[in-house]
Structures are given as structure tokens and as C-alpha cells.
Amino acid sequence: MTPVISVKDVNKTYASGHVALKTINLDIREKEIFALLGPNGAGKTTLISIICGIVNPTGGTIHVNGLDIARDYRAVRSIIGLVPQELSTDMFEPVWSTVSFSRGLFGKKPNPAYVEKVLRDLSLWDKKDSRIMTLSGGMKRRVLIAKALAHEPRILFLDEPTAGVDVELRKDMWQIVRGLRESGVTVILTTHYIEEAEEMADRVGVIANGELILVQEKTELMRKLGKKQLTVELQKPLTEVPSRLAAHALELAPGGHTLVFTYDTQAERTGITALLNDMREAGIGFKDLATSQSSLEDIFVDLVRQTK
């Protein structure tokens, strides 16, 4: 399948000498939700800005829907919607006017029925006549999404879409993004909220120090890199891990009441049976056992740490 976005050997060095991106190669599939994760300054916004034609790359090529962004800039921009990180919009304008105006900027004919649908889908219909300056931060964020959708783009970029949004509105936003994907829109989002990517994304890319260090199906990433931990609650506290248990690489939690054993779920043997046998032979009794799976956040932190 031909990717809807193809980034080949793209790099960016600013006039100051700062290297923002180092040879990025990335294909994004049609109708997927792709989450781009990375710490501050990793290059997320720079990459999005280059794909959207806002920032010029130092080198490399980008094709969107088969079009070269340098040669076919206007055509490419007409199929891309961008929700920027900053809450900047026409504060004195009513919601209806600013969304309708955004549609006209891309040469689209007026379509009140479509604008109404967008506003209703984003729970903005009852605010259509309100000036943007009177809205809450979460509602202003929704207006930015409405503006980005006004010209019916096939691809939507969301740069930190839920920054400054409370938990309830964040979950609403997740539902909106899923609905967009179901309607055929390809969604690319950057986020600091790891649970956001874990909840929504089909694939995850991790960028650090201007390099794309991993692109993986989310479920496959968690299967390959995720770890499981066995937590053993002891009958009596320990002051240290006994030497005869050293081969199991256990961690003794503060207070000495809990042992933590990390194991590979993909290995032929997990080592749990051997651990419990060795504990019994060492005379160490336990009251309870519990297992937990690494989250995407754990995996992300480990990956970024490895690049430092």
C-alpha cells in the first residue's frame, strides 16, 4: 500500500547551527492514528512543521498523497489540516465566523451544513455565536480543531491537542479523534501524555535528539519491549536479598516486605517456578503474588534514556 505521507532523508539545521532533525525516514499509512512521542526539544514540532510546509527542510523530500510538498505546495496544503500547539486564534470573532473563514482560506465554497456538522461533532454548536475570547481553554482547543477541519482535509496533524485540557475534555477529544479516523481521516498527533498514545494510536514513533529511534505497531511494541513483573509479598521482611536468590536479579522494595522479579514474557521459561522453589528452599515464605505489565510510558522512558 502506498503511504499517504512519505518522508525520505529529511534533515533540518537552523542558521544558528542547531541540528533539529537528523535524516528522518518515515511512512504514514492512510486512515491510521500515528502518535509521535518525544521529550521537549526532540524535534516533533519541527518535523510536523516541515511536512505541513511551514518550515523548509535542509535536505530530503516529502510526498503527501503522491504530491511533492515543494512543487505542489498549494495542493498539499489543501488536504492537510493542522492544529497547532499554541492557542492562537481570532479572539474577538464568533466561533461560526472564524471556522467559516478558515474554510474560505483554502478556496472551498461556503457550506453551512458542513460547518454545522463540524461544530456539532466537536460539541461547539451551542457556542457558535460566542466570541472565542469568552470560551474556556478546552473549548478554544476544540475551535482550533474545527478550523483545521473546515476545509475537509484528508490528513490532520494535532500538535499536543490536549495540552491544558482537563481529564474529562481529554477523553472527549480522544473520542473525536477516533471518529475522525473512522470517517477516513489520517491523524498524526504529538503528545506528552503517554496514555493518550496508548489509548488511541495504531502505531507509535519515538523521536529523541532529532532522530527517529523507533517506529512500531503499538501492540507489537508493547509485546516486544514490555516487561512483566512479579511482586511477591513476604510473610517476614528481609534486610537484603539472600545470596542463594542472587541469580534471579530480584529487587527488594523499601521496608523489606516485597520482592520484585522482572521477567520476559516471550522467553521459553519465565523463571517464576525456579524462583518460588529457591524461595521455599531458603525458608522464605510469601503471603501474596501479583503480576503487572509495563506501560507504554515505561517503554518510552527506557528508549529515551538509552539515547542519552
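**Figure 1. The largest pocket of the predicted model.** In this predicted model, the largest pocket has a volume of about 400 Å³. Its lining is made up of 17 residues, and those closest to the centre of the pocket are R77, S102, L105, F106 and H151. Several elements take part in the lining of the largest pocket, with α2 (73-78), β6 (80-83), α3 (95-105) and α5 each supplying at least two residues, while the largest share, 4 residues, comes from α2. Sorted by class, the lining of the largest pocket comprises 8 nonpolar, 6 polar and 3 charged residues.

**Figure 2. The largest cavity and its lining.** A count of cavities of 30 Å³ or more gives 1, and the largest cavity has a volume of about 30 Å³. The elements that contribute two or more residues to the lining of the largest cavity are β2 (19-28), β3 (33-37) and α1. The residues around the largest cavity are L26, I28, F34, L36, L47, I48, I51, F157 and I188, and by class this lining holds 9 nonpolar residues, with no polar and no charged ones. With 3 residues, α1 gives the most to the lining of the largest cavity.

Figure 3. Helix α1, which spans residues 44-51, is mostly covered, since 7 of its 8 residues are buried. Just after α1 comes G53, which takes a positive phi of about 85 degrees.

**Figure 4. The largest nonpolar core, with L156 and L158.** In soluble globular proteins, nonpolar side chains tend to be buried together. The largest nonpolar core of this model has 40 residues, of which L156 and L158 touch the most other members. Helix α5 (residues 137-149) gives the most to this core, with 7 residues. When residues up to four places away in sequence are not counted, L156 touches G81, L82, V83, A148, L149, L180, V185, T186, V187 and I188. Another core, of 28 residues, lies apart from the largest one, and among its members are V4, L26, I69 and I207.

Figure 5. H248 counts as buried because its relative accessible area is 13%, and the cut-off for a buried residue is under 20%. Leaving aside neighbours within four places in sequence, H248 is in contact with F261, G271, A274, L275 and D278.

**Figure 6. The chain as the setting for the close-up views.** The secondary structure of the chain comes to 10 helices and 14 strands, and of its 308 residues, 44% count as buried. Among the contacts in the chain with a separation of 6 or more, 69% are accounted for by residues 24 or more positions apart. The chain exposes about 15,800 Å², of which carbon and sulfur atoms supply 49%.

Terms used: Residues are numbered from 1 along each chain as its sequence is written. This is a predicted model: local features need pLDDT of at least 70, side-chain atom pairs count only at pLDDT 80 or more; totals for chains, interfaces and linings use all residues. Side-chain values use heavy atoms; hydrogens and water are left out. Buried means under 20% relative accessible area, exposed over 50%, partly exposed in between (1.4 Å probe, protein chains only). Contact means heavy atoms within 4.5 Å. Accessible areas come from the Shrake-Rupley method with a 1.4 Å probe; for residues, only the protein chains shown count as cover. On a 1 Å grid over the protein atoms alone, a cavity is a set of points where a 1.4 Å probe fits but cannot get out, and a pocket is an open set with protein on both sides within 12 Å along at least five of seven lines; lining residues have an atom within 4 Å of a point. Grid points are joined across faces, edges and corners, and a volume is the space filled by probe spheres set on the points. Ala, Val, Leu, Ile, Met, Phe, Trp, Tyr, Cys and Pro count as nonpolar, Asp, Glu, Lys and Arg as charged, and the others, Gly among them, as polar. A nonpolar core is a set of buried Ala, Val, Leu, Ile, Met, Phe, Trp, Tyr and Cys residues joined through side-chain atoms within 4.5 Å.
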